[in-house]
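Hello,

Here is the structure I promised to pass on.

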Amino acid sequence: MPVQSLRFLLNGELVEVATASPHDTLLEFLRIDRQLNGTKEGCAEGDCGACTVILAEPDRAGGLTWKPINACIRLLPSVAGKAVFTVESLQSDDGRLHPVQRALVECHGSQCGFCTPGFAMSLFGLYKNAHRPERESVDDALSGNLCRCTGYRPILAAAERMFELDGADGWRGPGVAADGSRCTSIDEERLAAQLAAVAGDDGIDYTACGHRWIAPRTRDALARACVAHPSARIVAGATDVALSITKQHRDPGDIVYTGDCDDLKAITDTAGALVIGAAVSLADAFAALDAEWPELREAWVRFASVPIRNSGTLGGNVANGSPIGDSMPALIALGATVELQRGAAIRTLPLEDFYLAYQKSALVPGEFVASISIPHRGDGLLLRAYKISKRFDQDISAVFACFALAIAGGRIASVRVCCGGVAPTPIRATATENMLAGRLWDNTTAEAAAQALELEFAPIDDMRASAAYRRRALANLMRRFRLETAGAPFATRVGDQRVAPGAMSR
């Protein structure tokens, strides 16, 4: 399995890298080694989007997926066997601007221009993945890109205008037809064949600059690698680990990468649960969860940004165990379990038991998260998730709360309340749950629960919120949960058009 170089396609050209450190980012390689300076470095932490590029990978149907990612926090070896496209590739070989670029010019979508390449690539990702999308989808596609001078109105206008322009064909052409079917081209088929030849069937074992990158292709090979290298850092999307490199200048040591393990990329709908492999991207995992639990959609849309969700994995978010990780409170409220593997030994834990203390989990050396299982929806479920943060998009939660109540005969038959941002780990509000169990779900019960929840935790003061604010927010979220599940006639969420009788006249 040892390889002498990393092989991938860059703007359609085969590239082999033999001397880059496994800790180098894709952005460093593009700008320093290849002098592709259209891709910018702004924040170096995946927040501004100036470094956005497109990653193309084979899908299960034999075609390609086109995903915007942040090059600044994407470790270079993780693109081996894939195709990377930068803003330099959008212009046709004969010099014609791509419809994305023409639309930005025509709609005056650029001033200083620093952020523009990132916007162009995010828009190109939308161009390949949608056909004349609604405004909500456009906003989501651009949620990971910041502009300080142009303002977003002309950029949003360009997102609409680009679908009205022709002139793009081959792999640069539209990705979705008017009927919703995928568009394919000979160029894309050729790219898919090239990638199949580049990727091969074996995993990667690459060493350079004194560090090692091991990327198995099967679950068994991953288990062997983790046992053989128990001190190696297990990395999935690296959206958090890369920050320790780019911002804190830490050395993560040898790395075992799960992102090429095909066995962990499956989403399986069993009779009892939805089973999501640990290497499934956040974008794909959230889409599967949204299909059965649509009440959680806003939480998933507000989770980071499209490029982050394309790189990060659900297994990585769970294993990372941040007390402000947004997926865990929702998964715990749904009764999720986590499957862990070390060698041939497999064990299963309730997700809430996986977290032992601040940034400490139940994983032992050589063990990894293999999958997350979420029981299918039961009858009478009332479910909501709420995120409190300073920004709507791309922000860290001050408080995250998820409420899951099963109602039978008007009474609460079962209840799970899980919160993030109020304790060293994602945590269930067991005292509040015990108070709610068996009671009528009415305003009196909800108010008692709000008061209990306000007193349940002892959060800290930090830059995101004070302890008092967090406690009050939890109480108010319980009240909001009651209003929404009782059919409140007034607006409780952004974009909700309902208003209370007489509200417009006040």
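**Helix packing**

Helix 2 (residues 99-106) and helix 3 (residues 116-129) pack at about 125°, and their axes are 9 Å apart. Here axes are lines fitted to C-alpha atoms over the stretch in contact, and angles run from 0 to 180 degrees between N-to-C directions. Helices are DSSP runs of H or I with at least four residues, and strands are runs of E with at least two, numbered from the N terminus. The two helices are therefore oblique to each other (under 35 degrees is roughly parallel, over 145 roughly antiparallel, 65 to 115 roughly perpendicular, the rest oblique). P99, V100 and L104 of helix 2 meet T116, A120, L123, F124 and Y127 of helix 3, with contact meaning heavy atoms within 4.5 Å. Seven of these contact residues are nonpolar, one is polar and none is charged (Ala, Val, Leu, Ile, Met, Phe, Trp, Tyr, Cys and Pro are nonpolar; Asp, Glu, Lys and Arg charged; the others, Gly among them, polar).

This is a predicted model: local features need pLDDT of at least 70, side-chain atom pairs count only at pLDDT 80 or more, and totals for chains, interfaces and linings use all residues. Residues are numbered from 1 along each chain as its sequence is written, and side-chain values use heavy atoms, leaving out hydrogens and water.

Helix 16 (residues 443-456) and helix 17 (residues 467-485) pack at about 160°, with axes 8 Å apart. That makes helix 16 roughly antiparallel to helix 17. Among the residues in contact are E447 and E454 of helix 16 and R471, R472, R479 and R482 of helix 17. By class, this contact has seven nonpolar, two polar and six charged residues.

**The second largest pocket**

Of the 46 residues lining the second largest pocket, E57, K82, G259, D262 and K265 are the closest to its centre. Helix 6 (186-199) gives the most to the lining, with four residues. The lining divides into 19 nonpolar, 13 polar and 14 charged residues. A pocket is an open set of points on a 1 Å grid over the protein atoms alone, where a 1.4 Å probe fits, with protein on both sides within 12 Å along at least five of seven lines; lining residues have an atom within 4 Å of a point.

Best wishes
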